[in-house]
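Please keep the sequence and the model in view throughout.

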Amino acid sequence: MGSMAAVLDTSAAPAGSAQQRVAPQLPTTARLFHATCAFAVQKLLLPPWIFLRTVKTYIISPGETYPDQIKAYPALKHLPIRIFLPPGYDRTSSKRFPVLLTIHGGGFVLGNPWDNDPWNRAFSSKHGYLVVSLNYSKAPGSPFPKPVYDLEALIQLVLADTTLPIDYDRIAIAGWSAGANLTLAVSQLDTVKLHVKAVAPLYPVVDFVPSQETKCAGRRYKPDLGGFRGKDKDFLLAMSPTFNWAYLNPGTDLHDTLLSPAHAKREALPKNIFMIGCELDMLAPEAWRMICSLAGKRVPREDEVVGRQMTAKEGELITGNDDRYAWEEVIKMDGGARYKWLLVPDQVHGFDQDSIGHMVGNDVKCLKDAKMKTDKVIEIIGAWLDDVMDVDK
């Protein structure tokens with residue numbers, strides 16, 4: 001997604017009012033503009049990108065992060081999944097493994113399950129999980145709520161697949177960006193919530209009600225970092241209007257909890273949620289407010305800026321005594337629940353994606369910091385899931 005930012009700049013298009021209850025019907029010129037942008041990206045820019053990535057995967061560095069299986073179920077042939085088996089897997093053994101289902105991002109318009117191959121392989125190898133990378137139909141051909149129900153159907157097929165070594169008592173879902181939104185959406189559905197013990201949304205969009213300007217008011221800016229991270233404008237602003245147009249039909253209720261999970265009641269969501277945000281991301285404030293609300297903590301104001309102006313040491317997360325960056329609340333009543341927050345300092349939306357290099361160019365400091373923090377986030381998520389799901393190793 002990030003690599004398209006310089007090409008797809010839709011920020012000049014109308015974005016709607018500051019607070020709306022329903023998605024607006026945009027003027028004809030704006031609709032044509034967004035439709036052209038979406039078509040250009042999906043049909044003209046994305047195919048060469050996919051070709052180059054395929055060359056890298058199969059020819060330049062084959063096998064390093066490639067999944068063990070790629071499978072398409074007959075009922076959803078157009079939505080193949082990617083399966084990463086843990087190191088201890090033995091086809092002749094009856095051993096079952098904890099499962100992490102993952103959902104890729106891309107603004108509901110772009111993205112593919114292979115976008116997260118390196119992350120999924122690293123997580124599976126390090127923590128011994130069966131990782132299944134899911135798929136869903138893209139907007140504007142499949143606007144809200146179609147992707148949510150695609151994922152519901154696909155998860156049911158995965159869980160019914162007797163060829164997979166699934167530990168049905170230890171199932172979690174993680175996702176990135178739009179995929180993190182879908183993680184929180186699909187896990188509200190009874191057919192999914194019944195099986196899911198925990199969710200880990202990474203830098204999600206959780207509220208479509210506030211305007212883009214309101215979202216940016218709570219974002220941290222650090223010009224002293226220089227390079228890509230030091231910019232005074234969030235790169236998501238260039239793409240969000242087109243993504244919103246593609247995903248939201250006019251008249252869509254923006255408070256619908258499958259669209260804006262921040263408006264869901266606590267009991268509608270899984271009981272264990274680990275929310276990860278990025279300090280230099282316009283979506284971090286809404287994720288921060290949502291997790292604080294779920295945990296019963298003070299909910300920050302919309303204009304309250306995430307993080308702090310100080311910079312962290314290269315590659316370091318701030319997990320000590322600073323509630324702006326990390327905390328966990330354990331609620332013992334009503335069957336118990338755990339809510340955890342982690343704000344990744346000095347990093348942008350998509351820092352842990354394989355495409356980060358295309359997004360930030362030759363910003364070596366940013367890339368090095370991103371890689372170190374990606375490894376640490378993978379470690380922390382795995383340790384938390386092990387604890388929440390009582391994984392015995």
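Q: Does Y203 count as buried or exposed?
A: This is a predicted model, in which local features need pLDDT of at least 70, side-chain atom pairs count only at pLDDT 80 or more, and totals for chains, interfaces and linings use all residues. Residues are numbered from 1 along each chain as its sequence is written, and side-chain values use heavy atoms, with hydrogens and water left out. A residue is buried under 20% relative accessible area, exposed over 50% and partly exposed in between, with a 1.4 Å probe and protein chains only. Y203 has a relative accessibility of 2%, so Y203 counts as buried.

Q: Where is Y203 found, and what is its phi near?
A: Helices (H or I, at least four residues) and strands (E, at least two) are DSSP runs, numbered from the N terminus. In these terms Y203 is found in the loop between β6 and α6. Most residues other than glycine have a negative phi. Y203 is a residue other than glycine with a positive value, near 35°.

Q: Which strand holds D346, and what is the phi of D346?
A: D346 lies in strand β9, residues 337–348. Because its relative accessibility is 2%, D346 counts as buried. Although D346 is not a glycine, its phi is positive, at about 60°.

Q: Which residues does the UniProt record list for "domain: Alpha/beta hydrolase fold-3"?
A: UniProt positions are given in the numbering used here, feature names are shortened, and annotations may be inferred rather than shown by experiment. The entry, which is unreviewed, lists residues 100–301.

Q: What kind of aromatic pair do F108 and F208 form?
A: Rings of Phe, Tyr and Trp (its six-membered ring) pair if their centres lie within 6.5 Å; planes under 30 degrees apart count as stacked, over 60 as edge-to-face and the rest as tilted. A search of the whole structure finds nine aromatic pairs. For F108 and F208 the ring centres are 6.3 Å apart and the planes stand at 45°, so the pair is tilted.

Q: How many residues apart are F108 and F208?
A: F108 lies in the loop between β3 (97–103) and α2 (117–127), and F208 in the loop between β6 (198–202) and α6 (212–217). Both F108 and F208 are buried. The pair links distant parts of the chain, 100 residues apart.

Q: Which parts does the pair of F144 and Y247 tie together, and how far apart are they in sequence?
A: F144 and Y247 form an edge-to-face pair, 5.8 Å centre to centre with 70° between the planes. F144 lies in the loop between β4 (130–133) and α3 (146–159) and Y247 in helix α7 (residues 240–247), so the parts tied together are 103 residues apart.

Q: Which residues form one aromatic cluster?
A: F144 is buried, as is Y247, and F108 and F208 are buried too. One aromatic cluster is formed by F108, F144, F208 and Y247.

Q: What backbone atom does the side chain of S260 reach?
A: S260 is placed in the loop between α7 and β7 (272–280), and counts as buried because its relative accessibility is 0%. Contact means heavy atoms within 4.5 Å; not counting residues up to four places away in sequence, S260 touches V206, D207, F208, V209 and L254. A polar contact is a pair of N or O atoms within 3.5 Å; within protein, one must be able to donate a hydrogen and the other to accept it, and residues adjacent in sequence count only if both atoms are side-chain atoms. At 2.7 Å, the side chain of S260 reaches the backbone oxygen of L254.

Q: At what distance does the side chain of N272 reach the backbone nitrogen of R338?
A: N272 lies in strand β7 and is buried, with a relative accessible area of 13%. Leaving aside neighbours within four places in sequence, its contacts include K197, A337, R338 and W384. The side chain of N272 reaches the backbone nitrogen of R338 at 3.2 Å.
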